[in-house]
Amino acid sequence: MSGWTDTFIAFIDRNQDWLPLIMLVFAAAETTAFLSILIPSTAVLVAVGALAATGAVAFWPLWAGATLGALTGSSFSYWLGRRYGATILRMRPLRDHPEMVEKTQGAFSRYGPATILIGHFTTVFRPVVFLLSGMSGMTLPRFLFWNLLGCVAWAFLIPKLGQFGGDLIGLVWSLF
């Protein structure tokens, strides 16, 4: 995984003009059912956030692209859940991880639509929370409200963690 991440970071550094679109694609993959299990987009967002700490890339285009991507992927997953319902949960890879569905359903029972916001930040919920939102019959405006809050917060905080880590490493490095 480390070699893949290093290659990707070098690619980002060479193609900074495409950073918002690249982040859009990775964030959409991270919040789309099925793809979120396969593509390590959170690690990429943290790593690109660390690049922002060095000044190699600007933070705001990264945030804008990641926000739009998260909104796209999670809204598509909501639509899939609304349109295809339980059929999707019987498909691989979700049928191989029924604990994700159970934990997410329990979170919906306990926290209601705030689970959508929380789902952006949890690996266990993210693959299914948006599907279950659509399956539950949640109205689109209610979903979009909670989802937009989650997308904006997630797309800001995850790269900021990387940026903070990069700043911290730079500070420690300057002491030596």
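Q: What makes up the secondary structure of this protein, and how are helices and strands assigned?
A: The protein has 10 helices and 0 strands. Helices (H or I, at least four residues) and strands (E, at least two) are DSSP runs, numbered from the N terminus. Along the sequence the pattern reads α-α-α-α-α-α-α-α-α-α. This is a predicted model, where local features need pLDDT of at least 70, side-chain atom pairs count only at pLDDT 80 or more, and totals for chains, interfaces and linings use all residues. Residues are numbered from 1 along each chain as its sequence is written, and side-chain values use heavy atoms, with hydrogens and water left out.

Q: What share of contacts joins residues at least 24 apart?
A: Contact means heavy atoms within 4.5 Å. Among contacts between residues at least 6 apart in sequence, 73% join residues at least 24 apart.

Q: Why is Ala 155 called buried?
A: Buried means under 20% relative accessible area, exposed over 50%, and partly exposed in between (1.4 Å probe, protein chains only). Ala 155 has 0% relative accessibility, so Ala 155 is buried. This residue lies in helix H10. Ala 155 touches Trp 63, Ala 66 and Thr 67, leaving aside residues up to four places away in sequence. In the protein as a whole, 43% of the 176 residues count as buried.

Q: What class does Thr 72 fall in, and why?
A: Its relative accessible area is 46%, so Thr 72 is partly exposed. Thr 72 belongs to helix H5. Thr 72 and Ala 27 are 45 residues apart in sequence, and their C-alpha atoms are 8.5 Å apart.

Q: How do you know that helix H9 is mostly covered?
A: Count its residues: 9 of the 10 in helix H9 (residues 126-135) are buried. Among them are Arg 126, Pro 127, Val 128 and Phe 130. After H9 comes Gly 137, whose phi is positive, near 85 degrees.

Q: What makes a set of residues a nonpolar core, and which members of the largest one touch the most others?
A: A nonpolar core is a set of buried Ala, Val, Leu, Ile, Met, Phe, Trp, Tyr and Cys residues joined through side-chain atoms within 4.5 Å. The largest has 23 residues, and Phe 8, Ile 12, Met 23 and Val 48 touch the most other members. Helices H1 (2-14), H2 (19-31), H4 (41-54), H5 (59-84) and H10 each supply at least two residues of this core. H4 gives the most, with 6 residues. Apart from this core lies another, of 19 residues, including Leu 80, Val 128, Met 138 and Phe 143. In soluble globular proteins, nonpolar side chains tend to be buried together.

Q: Which residues does Val 48 touch?
A: Val 48 touches Phe 8, Ile 9, Ile 12, Leu 19, Met 23, Val 57 and Leu 62, not counting residues up to four places away in sequence.

Q: Why does Val 172 count as partly exposed?
A: Val 172 has 40% relative accessibility, so Val 172 is partly exposed. Val 172 lies in helix H10 (residues 140-175). Val 172 is also one of the residues of a nonpolar surface patch, together with Phe 164, Leu 168, Leu 171, Leu 175 and Phe 176.

Conventions:
Patches are made of residues with over 30% relative accessible area and no salt bridge: like charges are joined within 9 Å, nonpolar side chains (Val, Leu, Ile, Met, Phe, Trp, Tyr) within 5 Å. Accessible areas come from the Shrake-Rupley method with a 1.4 Å probe; for residues, only the protein chains shown count as cover. A salt bridge is a side-chain nitrogen of Lys or Arg within 4 Å of a carboxyl oxygen of Asp or Glu.
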